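Please look at the sequence and the structure first.

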Amino acid sequence: MHPIDGDRAVVDLPTSSVDLETWRAAITEAVVPLEIEEIGGVRFRGHLTHALVQEVAFFEIVATPHLVRRTPELISHDDRRFYKLSLQLAGRAELRQDDRTAVLLPGDLAIYDTHRPYTLRFPEPNQAMVMVFPHEMVDLPPDEVAKVTATRFPDDVGLGRVINPFFVELGRNMDQLRTSHASRLVHSALDLLVTMLSQELHRRQGSTGPSARSLAQEVHEYILKRLGDPELTPPAIARAHYISLRHLYTIFSPEGQTVSAWIRHQRLEHIRRDLADPLLADRPISWIAGRWGLHDAAHFSRIFKAEFGRSPSSYRRRNLDERLLAS
């Protein structure tokens, strides 16, 4: 990759780059179905590098000018829901979703949702890193994230000065995603992303004063900070926020699940993350479950298998074996 040369992006395309038809097939198989077309009268060439860590996929994309569309016709109600984080490394990109447009320059980040239509236009040679991850790996309600899709997060303002460089270095060193520390890097990246999105949501809410939405975010953050507490119950949460149980249940109703179900899901997601972490391979499964507030071994094993389709020990063994094979 080369820096921007004036107003024109200078990007080296590897000799192994492919044509448009091959690119369409590769992107559809690796990510989600998309419409892709050439623009500017330039014959398309593109190069894709891929890394997978648990359920998080990373792509380094180098390509000539092109247009990408995720249309309503390509979206199925039964599709698994993913977010994409796009980090621009060279060239310019224009992302449109949810009636917003973000113009991304090198160093800028933006997030978008594969379950709703979007358009990405790359008017010049470009390089980008794209991180694709399931909705459930983000500790924010989907209706909150929807408020900040197609929002430009620059690298020279606020938290962007700290967070964006982390993603830039990750994009330039994707070989680190094949090491034993990959799980930690991925979850650090997701934590940083949630921090950035939360700050932006707080900023927007601050301009309109306190609201039910800010209370909902406060309740979610309260729960996430106390997942390891076995006494974390709906009545305790309601008391801590001086609201009724009925009000608490109303806060969670847009998510289509109860307070207890949301807490259980968050605990299981954190346990799953720890079971796949090689640095915790010597820790007993019971210790990991207890760390997140689940101390009844039989109950924990039963709900883990119901959620993920395999026992905790089987899940851990499979993930650690895959990590060894990849190293």
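In α1 (20-30), the residues L20, W23 and I27 are buried, where buried means under 20% relative accessible area, exposed over 50% and partly exposed in between (1.4 Å probe, protein chains only). These three lie on the same side of α1 because they cover an arc of only 55° around the axis, the arc being that of the directions from the helix axis to the C-beta atoms. An α-helix has 3.6 residues a turn, so residues three or four places apart point the same way. E21 and E29, on the other side of α1, are exposed. The buried residues of α1 pack against β3 (35-38), β4 (46-53) and β5, with contact meaning heavy atoms within 4.5 Å. Helices (H or I, at least four residues) and strands (E, at least two) are DSSP runs, numbered from the N terminus.

The model is predicted: local features need pLDDT of at least 70 and side-chain atom pairs count only at pLDDT 80 or more, while totals for chains, interfaces and linings use all residues. Residues are numbered from 1 along each chain as its sequence is written, and side-chain values use heavy atoms, with hydrogens and water left out.

The structure holds one cavity of 30 Å³ or more. A cavity is a set of points, on a 1 Å grid over the protein atoms alone, where a 1.4 Å probe fits but cannot get out, and lining residues have an atom within 4 Å of a point. The largest cavity has about 170 Å³ of space. It is lined by 15 residues, and I27, L34, I61, K84 and V130 are the closest to its centre. Two or more lining residues come from each of α1, β5 (56-63), β6 (66-70) and β11 (118-122); β11 gives the most, with three. The lining divides into 13 nonpolar residues, one polar and one charged.

## Loops and the annotated domain

Y242 is exposed, with a relative accessible area of 78%. P106, in the loop between β9 (100-104) and β10 (109-113), is partly exposed at 31% relative accessibility. P106 and L89 are 17 residues apart in sequence and 4.7 Å apart in space, C-alpha to C-alpha.

UniProt lists residues 217-318 as "domain: HTH araC/xylS-type" in an unreviewed entry. Over residues 217-318 the chain is 66% helix and 0% strand, with the end C-alpha atoms 35 Å apart.

Conventions:
1 Å grid on protein atoms, 1.4 Å probe; cavity = no way out; pocket = protein on both sides within 12 Å on 5 of 7 lines; lining within 4 Å. Points joined across faces, edges and corners; volume = space filled by probe spheres on them. Nonpolar A, V, L, I, M, F, W, Y, C, P; charged D, E, K, R; others polar. UniProt positions renumbered as here; feature names shortened; annotations may be inferred.
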